[in-house]
Amino acid sequence: MSFAAQVGEWASAELDRAEAVFQTAAQTVANEVRTAVAEGGRMPVKTGNLRRSLMASTSTMPTIKEGKETFTDTGVELVIAGAELGGSIFLGFQAAYAARMNYGFAGTDALGRTYNQNGFGFVDAVAQRWPQIVAEAEATVRVRFEAGAGPRT
């Protein structure tokens, strides 16, 4: 194999690794932000609806759905697995009460209900961990590639 071919092969493998780190880190964020308080996370889970309202997109931030809505699994994992290096992955909760659960709320809402609720900070806590999440993803991908498993296993 020529030197140029070897360099080309190495560069292609590095791009595969970088994309795998990108996808692995994004999946970790999606998993951690949905981890219930009872499982060591920060998300309050009563019915699971808030957790299921997490949506992923590679084109735009998911929108909040006003009113009471029951959410089903939105295929976050498939969107992340299909994301390409250099693109963006947008993660957002669609449940109208997601911000109140994350940040808290004190006052009267539009329906006249009064709240004095502390936030759980499940989004903020994971966002603050982003540098560590990327480092962990890089280590995971390195081991996977060294074992010969490739980008997606």
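This is a predicted model: local features need pLDDT of at least 70, side-chain atom pairs count only at pLDDT 80 or more; totals for chains, interfaces and linings use all residues.
Residues are numbered from 1 along each chain as its sequence is written, and side-chain values use heavy atoms, with hydrogens and water left out.

Helices and strands here are DSSP runs numbered from the N terminus (helices are H or I with at least four residues, strands are E with at least two). Strand 3, residues 104-108, and strand 4, residues 114-118, run antiparallel and are joined by five bridges; two strands pair if DSSP finds at least two bridges between them. If you look across the pair, you will find Phe 105 opposite Gln 117 in strand 4. Five residues lie between the two strands of this hairpin, and Gly 112 in the turn has a positive phi of about 85°.

Now for the open spaces. Rolling a probe the size of a water molecule over the atoms shows where empty space is left. The search runs on a 1 Å grid over the protein atoms alone: a cavity is a set of points where a 1.4 Å probe fits but cannot get out, a pocket is an open set with protein on both sides within 12 Å along at least five of seven lines, and lining residues have an atom within 4 Å of a point. Grid points are joined across faces, edges and corners, and a volume is the space filled by probe spheres set on the points.

The largest pocket holds about 760 Å³ of space. Its lining has 25 residues, and Gly 67, Ala 96, Tyr 97, Arg 100 and Arg 113 lie nearest the centre. Helix 2 (49-52) and helix 4 (98-103) each supply at least two residues of this lining, with helix 2 giving the most, three residues. By class, the lining has twelve nonpolar, five polar and eight charged residues; Ala, Val, Leu, Ile, Met, Phe, Trp, Tyr, Cys and Pro count as nonpolar, Asp, Glu, Lys and Arg as charged, and the others, Gly among them, as polar.

The second largest pocket has a volume of about 480 Å³. It is lined by 23 residues, and Met 61, Leu 91, Gly 92, Phe 93 and Val 123 are the closest to its centre. Helix 1 (3-33), strand 2 (90-93), helix 4, helix 5 (122-128) and helix 6 (130-146) each bring at least two residues to this lining. Here 21 lining residues are nonpolar, two are polar and none is charged.

Finally, the charged pairs. A salt bridge is a side-chain nitrogen of Lys or Arg within 4 Å of a carboxyl oxygen of Asp or Glu, and the count comes to seven. In one of them, Arg 17 meets Glu 14 with the closest N and O atoms 2.9 Å apart; both residues lie in helix 1, three residues apart, about one turn of the helix. Arg 142 and Glu 138 form a salt bridge at 2.3 Å, N to O, and these two sit four residues apart in helix 6, again about one turn. Arg 142 is partly exposed at 42% relative accessible area, and Glu 138 is partly exposed at 31% (buried means under 20%, exposed over 50%, partly exposed in between, with a 1.4 Å probe and protein chains only).
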